[in-house]
Amino acid sequence: MDKITEKRLKLFAANMRKMIIEGVFQAQSGHPGGSLSCTDILAYLYGERLHVDPCDTANPDRDRFVLSKGHCAPALYAALTLREFFASCEIGGLRSCGAMLQGHPCMTETPGIDMSTGSLGQGIAASVGMAMMGKLDKRDYRVFSILGDGELQEGEVWEAQMAAAHYKLDNLTAFIDNNGLQIDGPTSEVMNLGSIPAKVAAFGWHVIEIDGHDLQQIENAVHEAENVKGQPTMIVAHTHKGKGVSFMEDQAQWHGAAPKQDQYDAAMIELNAAIAALEV
Amino acid sequence: MGKMATREAYGRALAEFGVDERVVVLDADLSKSTFTVTFKKVFPERHFNMGIAEGNMMSVAAGMATCGKIAFASTFAIFAAERALEQVRNSACYPNLNVKVCATHAGITVGEDGASHQCVEDLAIMRAIPNMHVVSPCDGASARAVIRAAMDTPGPFYVRLGRLAVEDVYGTYGDEISFTLGKANTLREGTDVTLIGIGLMVQQSLKAAEMLAQEGISARVIDMHTLKPIDVETIVKASKETGAIVTAEEHNIIGGLGGAVAEVLSENAPCILRRVGVKDIFGQSGKPEALLVLYHLMPEDIVKAAHEAIAARK
């Protein structure tokens, strides 16, 4: 990744983070912690990798993206806003009556959403269906999905992984946003997942471990996945919940809480400073 | 009169209408029982076994439907409507996708497998989900028409099918019949009482009407193949013209056909209603025919309910 691209994507991510906090603050509801932890992955996908077009959202050859951890919708909405799928004012209506941006992604309401998600485990399974149809129809699109680590506690995730390996879906690349925290606390305390890479590999996937906030590592992993034949790839991305807003980082209580005015002000100072530093 | 199970007709309809390349079929290790194997023999590349993982199958089907496919997902009713309920609701119905959940082995006529496999709650559950169409054909000819209608109507469907071979009502498989989704078929005119059946209870209702005729009672018989959207007009007409209605379903009397008809009647044209069905109890192992007797799903039971309804009206 060249320096110009890296800087552009860092700015994309920084602007996403600002919109996430803005949206959740306006709504006084939502999930900032996990949205901020998957931001850099989404920034790479929407800022660089996905072949999608806001003017042609139903193109059968477009790449697909499914946010299996649907509660992190603010991050997806921010990425779609920056790619001009809809106006930037929409984020201000997040989670409010009559507005376009639902609490969890809704494909019938929001342009650019490939699958309605929110109930954990179902998004990755829908991604499997999309990848199977890419194979059946001999189309070259790729399917990307992001799961939460807590989401792995859902049995359907493993049913979907079994099916993806069985059908040799090398057109499917999934990320685990492995921030180690879920609503009730650390995943290791709520329901220990053990070795995630070992388990996923045992299900027949190619597994890559990366720092999920390092854009170069994200790109390298996505490229590696594209060259794997005969099996799907899981990118286990080690991340920090609340990344980019210092007082939210690695704090389980920011899973599903909105900032108050003073917290919002503090977050904005930090995020604006990050953007200013990148714009120099 | 020939006989065919609606599940067998389903498999044949898939193979027949599957020339449409939008059709994809998913099964959960029951393809010989659900008869999706009939489709698989003709179009193996579009038949996908998802293993014993019904919830995942529904979400995968939804993902396929986002790619412009008409995804038929099949397993036994108990697993389709109940184990996979939340996937059907959130993956297929909420996004209003073209997922056709075709559930076989519904009701107690599953027989020997017993209560764990005898689904008597699916109609109630499925009709409560927004966007969902709920349909149950009574014979092979109408099962074919139902599958055609499900293909031609965008959005999610729940198609309730049976294991047991049942007598032809409309004709044999392949006959073109008069069938409109959401429009009930009046199979027999009558003025004293109306018998509304669904699935194999249509056949039982027709037999009951014959028995009532021998007593001089004129019974109308309606096949309510589409439970949702329900045909309000035909129910209201029956209420006004006969003043007594009996519903008959191989399903719990709570929330299914009886419940749906009661809703329509009480809001539009109240009349005496008697519900024949499984009386809020679980089934058990046994021959299907024996279970129909044991759970009071026979023509005699419908006749008895008709007598009660007529008496209550007077």
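Modeller: Quick term before we start: two strands pair if DSSP finds at least two bridges between them. The model is predicted, so local features need pLDDT of at least 70 and side-chain atom pairs 80 or more, while totals for chains, interfaces and linings use all residues. Residues are numbered from 1 along each chain as written, with chains lettered from A and ligands numbered from 1 in written order.

Colleague: How many bridges join β13(B) to β14(B)?

Modeller: Helices (H or I, at least four residues) and strands (E, at least two) are DSSP runs numbered from the N terminus. Here β13(B) covers residues 244–252 and runs parallel to β14(B). The bridges joining the two number six.

Colleague: Why is β14(B) largely enclosed by the rest of the structure?

Modeller: A residue is buried if 20 or more other C-beta atoms, placed from the backbone, lie within 10 Å of its own. β14(B) spans residues 272–278, and it's largely enclosed because, of its seven residues, the number buried is six.

Colleague: Which element gives the most to the side of chain A that touches chain B?

Modeller: Residues touch when their C-beta atoms, placed from the backbone, lie within 7 Å. The contact takes 22 residues from chain A and 25 from chain B. On chain A, α5 (122–136) and α6 (155–166) each give two or more. With ten residues, the top giver is α5(A).

Technical notes:
Contact = placed C-beta atoms within 7 Å. Buried ≥ 20, exposed ≤ 12 C-beta atoms within 10 Å, placed from the backbone.
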